[in-house]
Amino acid sequence: MPRSAPSTRVARRPRTLALAAATALLTTAALAGPYLGTSQAGGHFDAPGQIADPQANFTDIYAFTSPDNPDMATVIADLQPTQLPGTTPAPVNYPFATGGARYEIHIDGHGDGHSDLTYRWTFRTEDRRLFGAGPIAIGQVRSLRDSGLLFRQYYTLERIRAGQAPEVLVKDAPAAPTQQSIGQMPDYGALRAEATTVLPGGGRSIATQTAESFQADARVFGYFILGSAGPVPGYLPAANPLAAVNVSSLILQVPKRELALNGDPGRNPVVGVWATLSRPGANLARDLRAQDAGYRQVGRLGNPHIMFGLWGSFGGIAAPGGPEDRFHARPADQDQYDQDFLNSALDPAPPHKIEAAGQFPAPAGPRTDIRALYLGGIGKNNGAKFGFDLNTQSMNADTDPNAVAWADELRLNLTTPVTANPNRFGVLDGDLQGYPNGRRPNDMIDNSLLRMLEGEPGGPSAAGLLPPPLFDLQPKPATDTFPYLNLPHALP
């Protein structure tokens with residue numbers, strides 16, 4: 001099953017050089033459009049509706065065994081992409097949506113697309129600025145209690161088990177503010193530590209701005225969209241312009257027994273994870289005079305780059321209201337009823353584009369392996385013939401196999417041992433703890449996804465499709481200790 005990866009040379013460069021180069025590439029990519037595609041990666045701007053609603057735009061979901069405590073699992077939801085460091089326009093000042101919006105992380109142990117366990121964040125804002133305008137802080141801010149911090153956000157975190165009333169885990173926990181500048185917030189790490197909240201029963205939670213952690217080789221986006229590496233075939237840099245910007249992050253660490261079905265990760269090792277954002281609103285399909293405000297799902301993310309993988313598209317070229325927008329509005333348990341969606345999983349577009357460009361023959365269909373990758377997990381008996389069990393919920397002893405349904409979830413086997421030497425290409429290169437068995441912040445998922453679209457691990461290796469890069473310009477690696485993600489980029 002494990003195949004060789006394309007060799008890469010990782011060159012460490014000063015952070016300032018990386019920041020400047022990545023910013024230049026970000027600008028170039030934005031001007032060059034979809035052929036370079038680097039600034040418009042799926043999972044960041046994967047649907048037209050997400051571009052119009054940044055606070056509902058989930059960029060990445062991570063789920064992994066905590067390397068600093070193997071009895072714990074960590075789930076991270078990143079959102080609101082391309083926050084430029086050192087700026088103070090309104091969207092940057094309001095990192096998390098208010099007005100009753102619900103950020104939720106869902107856990108599915110049964111494999112039926114329904115959430116068995118939900119963690120729900122609801123934010124409130126305390127705005128002390130005159131007329132609600134101007135800088136969010138005056139003077140240096142060294143503590144969340146400093147009077148000079150004029151814009152503060154707090155959250156209530158609830159735990160909701162299926163069929164039970166919500167439990168309030170924490171109420172009015174402070175969120176770390178948006179980093180304004182090194183001069184104004186000289187020790188952002190201290191602010192982040194102050195915003196870390198210990199959860200009852202074990203675990204920690206934090207809502208904070210972080211440096212974008214998305215690891216990407218920008219050359220793969222040309223393969224997804226057009227079938228070739230880019231306008232200059234060959235040895236381009238493995239650059240990632242998003243490394244220069246910040247995102248907002250919800251970071252949650254909890255005991256594995258809390259996530260596992262029936263509290264037993266030994267009997268039920270696999271969980272499916274995804275995130276949603278819902279806002280209060282009316283159901284326009286019903287009589288508005290006789291209904292209370294309900295919650296409407298406006299954003300969703302489980303597996304990374306599912307838009308790229310299935311349709312070879314992203315929000316900049318997709319039609320509003322198309323399959324990408326419908327995906328974000330649809331609950332995971334409804335995936336099984338969307339026949340167009342299921343058909344796309346069995347016949348993804350990128351391999352045909354790559355074949356048409358003369359790069360690599362498209363594997364024969366139907367692509368039960370790609371359907372399993374996104375919608376079922378890797379297992380012996382889900383139609384994909386992977387030949388080994390890794391992370392399908394059918395492995396759970398307390399799961400009804402007849403109730404397992406196709407649903408987009410990031411699936412994680414909680415019992416996979418922590419590897420001493422992580423490989424950022426994950427399962428395809430023999431590191432069973434990496435993507436697509438969950439996802440760690442340092443996993444480079446696009447290369448693995450491209451190879452799986454071309455038939456691995458069941459078919460011939462496509463590791464040579466992407467030549468070695470000239471150099472590898474990636475974000476500063478995430479750490480091995482909570483909260484893992486790096487401090488946000490900041491200007492003086």
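Reader: Why is His305 called buried?

Author: This is a predicted model, so the values are computed from it. His305 has a relative accessible area of 2%. Buried means under 20%, so His305 is buried.

Reader: Where is His305 found, and what is its phi?

Author: His305 is found in the loop between strand E12 (294–301) and helix H7 (306–311). Its phi is near 60°, a positive value in a residue other than glycine.

Reader: What makes Asp172 partly exposed?

Author: Its relative accessibility is 34%. Buried needs under 20% and exposed needs over 50%. Asp172, at 34%, therefore counts as partly exposed. Asp172 belongs to strand E6 (residues 167–174). Asp172 also has a positive phi, about 60°, although it is not a glycine.

Reader: How do you know that the buried residues of H9 lie on the same side?

Author: The buried residues of helix H9 (residues 339–346) are Phe341, Leu342, Ser344 and Ala345. They cover an arc of only 160° around the axis, which puts them on the same side of H9.

Reader: What do the buried residues of H9 pack against?

Author: They pack against H7, helix H8 (323–329) and H11.

Reader: What makes Asp338 a cap of H9?

Author: A side-chain oxygen of Asp338 lies 3.2 Å from the backbone nitrogen of Asp340. The limit for a polar contact is 3.5 Å. Asp338 caps the N-terminal end of H9.

Reader: Is Asp338 buried or exposed, and where is it found?

Author: Asp338 has a relative accessible area of 17%. The cut-off is under 20%, so Asp338 is buried. Asp338 is found in the loop between H8 and H9.

Reader: Now the sheet. In what order do the five strands run, and which are the edge strands?

Author: The order is E1-E2-E10-E8-E7, in an open sheet with antiparallel pairing. The edge strands are strand E1 (58–65) and strand E7 (197–198), as each pairs on one side only.

Reader: How many bridges join E1 to E2?

Author: Seven bridges join E1 to strand E2 (residues 72–83), and the two run antiparallel. At least two bridges are needed for a pair. Within this pairing, Thr65 has Ala73 in E2 as its bridge partner. A hairpin of six residues joins E1 to E2.

Reader: What makes E1 mostly covered?

Author: Eight of its eight residues are buried.

Reader: How many bridges pair E8 and E10?

Author: Strand E8 (residues 204–211) and strand E10 (residues 246–255) pair over eight bridges, in the antiparallel sense. Ser205 has Leu252 in E10 as its bridge partner.

Reader: Why is Ser249 called buried?

Author: Ser249 is found in strand E10. Its relative accessible area is 0%. The cut-off is under 20%, so Ser249 is buried.

Reader: With which side chain does Ser249 make a polar contact?

Author: The side chain of Ser249 makes a polar contact with the side chain of Thr210, at 2.7 Å. The limit is 3.5 Å. Leaving aside neighbours within four places in sequence, Ser249 is in contact with residues including Ala77, Asp78, Phe96 and Leu485.

Reader: Why is the pair of Phe482 and Tyr484 called edge-to-face?

Author: By the ring rule, the count comes to twelve aromatic pairs. For Phe482 and Tyr484, the ring centres are 5.9 Å apart and the planes stand at 80°, so the pair is edge-to-face. The rule asks for centres within 6.5 Å and planes over 60 degrees apart. Both Phe482 and Tyr484 are buried.

Reader: Which residues form one aromatic cluster?

Author: Phe58, Phe96, Tyr103, Phe123 and Tyr155 form one.

Reader: Which ring does Arg102 lie over, and which has the charged end of Arg300 over it?

Author: Arg102 lies over the face of Tyr295, 3.6 Å from the ring centre. The charged end of Arg300 sits over the ring of Phe327, 4.1 Å from its centre. The distance limit is 6 Å.

Reader: Last, the prolines. Which peptide bonds are cis?

Author: The bond from Gly365 to Pro366 is cis, with omega near -5°. Pro366 is found in the loop between helix H10 (349–356) and helix H11 (368–375). The bond from Phe482 to Pro483 is cis too, with omega near 5°. Pro483 lies in the segment after strand E14 (472–473).

Conventions
Residues are numbered from 1 along each chain as its sequence is written. This is a predicted model: local features need pLDDT of at least 70, side-chain atom pairs count only at pLDDT 80 or more; totals for chains, interfaces and linings use all residues. Side-chain values use heavy atoms; hydrogens and water are left out. Helices (H or I, at least four residues) and strands (E, at least two) are DSSP runs, numbered from the N terminus. Buried means under 20% relative accessible area, exposed over 50%, partly exposed in between (1.4 Å probe, protein chains only). The arc is that of the directions from the helix axis to the C-beta atoms. Contact means heavy atoms within 4.5 Å. A polar contact is a pair of N or O atoms within 3.5 Å; within protein, one must be able to donate a hydrogen and the other to accept it, and residues adjacent in sequence count only if both atoms are side-chain atoms. Rings of Phe, Tyr and Trp (its six-membered ring) pair if their centres lie within 6.5 Å; planes under 30 degrees apart count as stacked, over 60 as edge-to-face and the rest as tilted. A charge sits over a ring if NZ of Lys or CZ of Arg is within 6 Å of the ring centre and within 35 degrees of the ring normal.
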